[in-house]
Amino acid sequence: MEAQAATGLEIAVIGLSCRMPGAGNAQAYWDNLCGGVESITFFANREEVPGSAPGYVPARGVVNDVDAFDAAFFSMTPREAELTDPQIRIFLEAAWEAMESAGYPGMTHAQNVGVFASMSTSSYLDGVKLDTNSAQHYKLTLGNEPGFLATTVSYKFNFCGPSMTVQTGCSSSLVAVRMACLSLLSGECDMALAGGVSLSFPLQCGYEFQEGSILSPDGHCRPFDRAAAGTVPGSGVGTVVLKRLEDALADGDTIYAVIKGSAINNDGAAKVGYTAPSVDGQVGVVRMAHAVAGIAADTIGYVEAHGTATKLGDPIEVAALTEAFAMRDKTNVCGLGSVKSNIGHLDSAAGIAGLLKVVLMLKHRKLVPSLHFQAPNEALHLHRSPFFVTTELVDWQAQGPLRAGLSSFGVGGTNVHMVLEEAPGRRANRPAQKWQLIPVSARTPAALAAALANLSSGIDASSASLEEVAYTLQAGRKAFEYRQAIACSDLQSLQAWAASSTTAPAQRAHEGEHKIDAVVFAFPGQGAQYVGMGESLYQDYASFRADVDHCASLLRPTLGIDLRSIMHGPVTPEKEAMLAQTQFAQPALFVIEYCMARLLMQLGITPSYCIGNSLGEYVAACLSGVFTLEEALRLVSVRGRLMHATPPGAMIAVSMPAREVEDYLAEGVSIAAIHHERRCVLSGDPQAMLHTSRRLEAAGIAQVHLKTTRAFHSPLMDQVLPDFAAALADITLRAPAMPLISSVSGEWLSDAMATDPGYWVSHLRAPVLLAPAFENLAGQRQCRVLEVGPGRSMASLLKLAGGTALVCLGSQREAPLTSKHLLDAVGRLWLDGVSIHWHALHTRRPGRIPLPTYPFQRKRHWVTREEKAPVSERRNMAEAVQPVSSAYGNGEADRMPGQDIDIEQLLHRQLEVIEEQLKYLDATSFPLP
């Protein structure tokens, strides 16, 4: 029977990356494992290598192109990269890829992420003679000693969690993962990056076989086979990103597998020698892991063994597993394998190579072949054990959840064992808004083109959702200088755009003509309204919907109707007629413009200043604090009702300077607005307007009759001014907290004007002076103007003045009405360098999914042969080090922001974890070494 499952101790693997022999990434690694590929490189035969020893074996597991590195990406000079051990360099790249595969980029704000890493002894600069001073020696030490691996990652990525390099020999990288799990469970960090790297130099060479060593005599590793005679050295790097399972589920992360529990111990002295393995030690660590995981051994369907294929190691390991599993009555029910048969023994990276294999097997629900197994080593007694060696690619099936064990043993006796389980089922996708904004960026134009090409080919349209793709690229990637963006409604459109954009010019944020110093909100006035305005935003964005609902509820007692009933839904003549009435049009416009502004501000798009056309200035004033929302809605309702109560009137837009048009005006007609030096709007009594129109027509002057039944900003408004002044008497006017440009004066709105009730009374009657207002706007810093409201009226008027504006909603003619205009505007601002709060674009938090990671633009960085010198000089570099500052930081300005930590709470959590584990260990007996 299975023991009761432990609660709160599970760790989710949410991201991964690797470069292994024969595989440049995790997908290639998996493909090779499935295909039963032996990724050992064979070089020249011994006879072809001058001076080689008689036991020379021309074989090794090789990682390609480790001489190349994207130094600029990690803010390294070419020389600094050249002198840095390639182990650190490729670990940095693998760490970045793992974080991106999880959807959590580095180099942003300080993050509570722990780093636990291992690295083989550095031999890169062995024999290198450099003419350096002590400071340069210090940099060489930082770039080549294993102890600085983890902290280098933390510094480069701005991670503020625990950071340590773990060294336990061959088990180092799996011990690092174990340490990361404990740090997460104790609350020291909220996410952890763990893994290991191993490169030996020279890269392209074999090894010397000696009888009795752990190395194979022929370059092949045959775990558990009768002909097993040793392993093959190899190189590689692997990393995983870990999170507490409950957090990963809550955050919608992609979960590859779950670490149910793990344990670590040491053989001590109860063995034949320091380098020899111990049955008792291995039995103990396996049983402890099962106890911590809270599972029974018979629920495990596969064990990834340490599996060095040595005459001593394999029998001890299988004997220990058999005793630990204690399944005397069951034989050949649990798969057994070793990735060393594929890639060799990766020293400090051996454990992470095995972990990645198991994680991928659980993810894909496949058992992959362990190579070179022909007949079992009789000393293993496999026929009397629960185990069988997996030799074929088969579907992995089980009664319950798939579970696997994983062992890694270090020379010196540090043993670690883990129990993993397949990921829980992902939550079902819920409906999401159709349109999504897709941002893509890189440090260089070439990298951006590569990123777009990879995105086009790397999206699985059959399983990914557009919203998850969008959110992963928005929140799961760092924004770099060169950018492209698109609003799209399906994955096929995204793929086509990405493919076609690889040759398009890249937008570089923050520089040249695209440098944006300010964002301006421009609010249109009456006439822009239409049935259906903002309905797509209402459906797609919960915050917008909540704001509209709130405003509608505040207005309902005053208006006597629910504004949403005439703004939204199918277009009907009745709705259009009601929305054309000033008493409904002005409150409706205010609500849409105010709620749009609020949505933009929630997205992180905060205006530096605002401008409004007549009614639009009320929205600007409300956002700036001149009125509260309740006060503004009350005033707008009164304003609309009073203006609607005035006698019928007419308005005409005229293509003529205001100073010249006065000669054509009939009595009762006045200038209502000046939009441009050659364009103005006339307003007045219908009969007088008819006379004026005929005079203009006779003179050949272009004119447009506006769709309105009232003469706004004309003498016909005079009769309602006292009533509006009375409404203002109950309002407390405040100085604006944000600069506003007045549509009455065309100048900046002063505190005295904003707090003067007379200003707002005159605002109803005086002509709208947008032309001088736009001139004031043009004189400001380089800015980006957004038309915040329905239609394009402000954008059109600004274009007459030689400016441009981004349209956020569009007009009724641009059916079907969608969120595309808003996303286009947000995307344009992101291209300009504005930081976007991406979560505000999503009603719920979407999942983060694996997508193509950053395409590093690698160049060769390698020390030259001319710099070779005795090894001893390189070994003694650290002795010359003085306590000097280095390129890694100097003084207060370089310190990372800390985390606010409740120490008492942290210690309490650590004790809880220890007690939780001891609860399972107390009831379990296992031999100690």
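In strand E10 (residues 236-244), Gly238 is the bridge partner of Gly196, and the two strands concerned, E8 and E10, pair in the antiparallel sense over 7 bridges. Helices (H or I, at least four residues) and strands (E, at least two) are DSSP runs, numbered from the N terminus, and two strands pair if DSSP finds at least two bridges between them. The model is predicted, so that local features need pLDDT of at least 70 and side-chain atom pairs count only at pLDDT 80 or more, while totals for chains, interfaces and linings use all residues. Residues are numbered from 1 along each chain as its sequence is written, and side-chain values use heavy atoms, with hydrogens and water left out.

Strand E8 (residues 191-198) is mostly covered, since 8 of its 8 residues are buried, where buried means under 20% relative accessible area, exposed over 50% and partly exposed in between (1.4 Å probe, protein chains only). Met191, Leu193, Gly195 and Val197 point one way from E8, whereas Ala192, Ala194, Gly196 and Ser198 point the other way, and all of these residues are buried. E8 is also joined to E6 by 7 bridges, and these two strands run parallel; here Ala192 in E8 is the bridge partner of Gly114.

From E6 (residues 113-119) the pairing continues to E7, which runs parallel to E6 and is joined to it by 3 bridges, with Met164 in E7 as the bridge partner of Phe116. These strands belong to an open sheet of 11 strands with mixed pairing, in the order E7-E6-E8-E10-E1-E11-E18-E17-E12-E13-E15. Its edge strands are E7 (163-165) and E15 (387-389), each of which pairs on one side only, and the twist averages 25 degrees from one strand to the next. In general, strands of a sheet pair through backbone hydrogen bonds, either parallel or antiparallel.

Strand E22 (residues 518-523) runs parallel to E30 and is joined to it by 5 bridges, with Val519 standing opposite Arg784 in E30. E30 is joined by 2 bridges to strand E31 (residues 806-807), again in a parallel pairing, and there Glu787 stands opposite Val807 in E31.

Turning to helices, the axes of H18 (residues 573-580) and H19 (residues 582-602) come within 5 Å and cross at roughly 85 degrees; axes are lines fitted to C-alpha atoms, for helices over the stretch in contact, and angles run from 0 to 180 degrees between N-to-C directions. H18 and H19 are therefore roughly perpendicular to each other, given that angles under 35 degrees count as roughly parallel, over 145 as roughly antiparallel, 65 to 115 as roughly perpendicular and the rest as oblique. Met578, Leu579 and Ala580 in H18 meet Thr582, Phe584, Ala585 and Ala588 in H19, and the residues of this contact divide into 6 nonpolar, 1 polar and no charged.

For the protein as a whole, the secondary structure comes to 31 helices and 32 strands, and buried residues make up 58% of its 929 residues. Among contacts (heavy atoms within 4.5 Å) between residues at least 6 apart in sequence, 80% join residues at least 24 apart.

How values were computed:
Nonpolar A, V, L, I, M, F, W, Y, C, P; charged D, E, K, R; others polar.
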